[in-house]
Amino acid sequence: MASGPATDTPPYASAARISDSQCYPQYTASLKCLEEFSTDKSKCQEHFDVYKECKKKEREARLERNRSRSFFS
């Protein structure tokens with residue numbers, strides 16, 4: 001079975017696209033650094049740390065939003 005174009009919806013609802021993330025700029029900066037310094041990934045550690053912190057904050061915000069929802073009302 002052939003796969004559809006990249007604009008197709010994800011196979012399940014929780015499959016978010018990285019480009020929809022608030023951390024997308026940090027993600028792309030990390031990738032660009034890896035392209036530039038592929039032989040020395042330690043030069044990209046700061047980019048990795050910034051991206052990791054962004055994802056942590058994004059996750060915490062999502063968990064907080066979910067806590068405020070009631071599944072039983």
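Q: Where does R62 sit?
A: R62 lies in helix α2. Helices here are DSSP runs of H or I with at least four residues, strands are runs of E with at least two, and both are numbered from the N terminus. This is a predicted model: local features need pLDDT of at least 70, side-chain atom pairs count only at pLDDT 80 or more, and totals for chains, interfaces and linings use all residues. Residues are numbered from 1 along each chain as its sequence is written, and side-chain values use heavy atoms, with hydrogens and water left out.

Q: Is R62 buried, exposed or partly exposed?
A: Partly exposed, because its relative accessible area is 39%. The cut-offs are under 20% for buried, over 50% for exposed, and partly exposed in between, using a 1.4 Å probe and protein chains only.

Q: Which patch does R62 belong to?
A: A positive surface patch, formed by R59, R62, R65 and R69. Patch residues have over 30% relative accessible area and no salt bridge; like charges are joined within 9 Å, and nonpolar side chains (Val, Leu, Ile, Met, Phe, Trp, Tyr) within 5 Å. Lys and Arg count as positive, Asp and Glu as negative, while His and the chain ends are not counted. The place of a charge is NZ of Lys, CZ of Arg, CG of Asp or CD of Glu.

Q: Which residues make up the negative patch?
A: E46, D49, E53 and E60 form the negative surface patch. Of these, E53 is found in helix α2, residues 45-67. E53 counts as partly exposed because its relative accessibility is 36%.

Q: Switching to pairs. How many salt bridges does the structure hold?
A: Three. The criterion is a side-chain nitrogen of Lys or Arg within 4 Å of a carboxyl oxygen of Asp or Glu.

Q: Why would such side chains pair at all?
A: Side chains of opposite charge can pair when their charged atoms come close.

Q: OK, what does E58 pair with?
A: E58 meets K55 in a salt bridge, at 2.9 Å from N to O. The two are about one helical turn apart, because they are three residues apart in helix α2.

Q: Is E58 buried or exposed?
A: E58 is buried, with a relative accessible area of 17%. K55 counts as partly exposed, at 30% relative accessibility.

Q: And what is the partner of E64?
A: R67. Their side chains meet in a salt bridge at 2.7 Å, N to O. E64 and R67 are three residues apart in helix α2, so about one helical turn separates them. E64 is partly exposed, with a relative accessible area of 44%. R67 is exposed, at 57%.

Q: What about R17, which residue does it bridge to?
A: R17 forms a salt bridge with D20, and the closest N and O atoms are 3.2 Å apart. R17 counts as partly exposed at 44% relative accessibility. D20 counts as exposed at 51%.

Q: New topic. Where is T28?
A: In helix α1, residues 24-36. T28 is partly exposed because its relative accessible area is 21%.

Q: How far is T28 from H47?
A: They are 9.5 Å apart in space, C-alpha to C-alpha, and 19 residues apart in sequence.

Q: And how far is I18 from T28?
A: The C-alpha atoms of I18 and T28 are 9.9 Å apart, with the two residues ten apart in sequence. I18 is found in the segment before α1. I18 is partly exposed too, with a relative accessible area of 30%.

Q: Zooming out. How many helices and strands are there?
A: Two helices and zero strands.

Q: What domain does UniProt place here?
A: The unreviewed UniProt entry places "domain: CHCH" at residues 23-57. UniProt positions follow the numbering used here, feature names are shortened, and annotations may be inferred rather than shown by experiment. That span is 74% helix and 0% strand, and its end C-alpha atoms lie 10 Å apart.

Q: Last one: what share of the protein is buried?
A: Buried residues make up 10% of the 73 residues. The accessible surface comes to about 6600 Å², of which 54% belongs to carbon and sulfur atoms. Those areas come from the Shrake-Rupley method with a 1.4 Å probe; for residues, only the protein chains shown count as cover.
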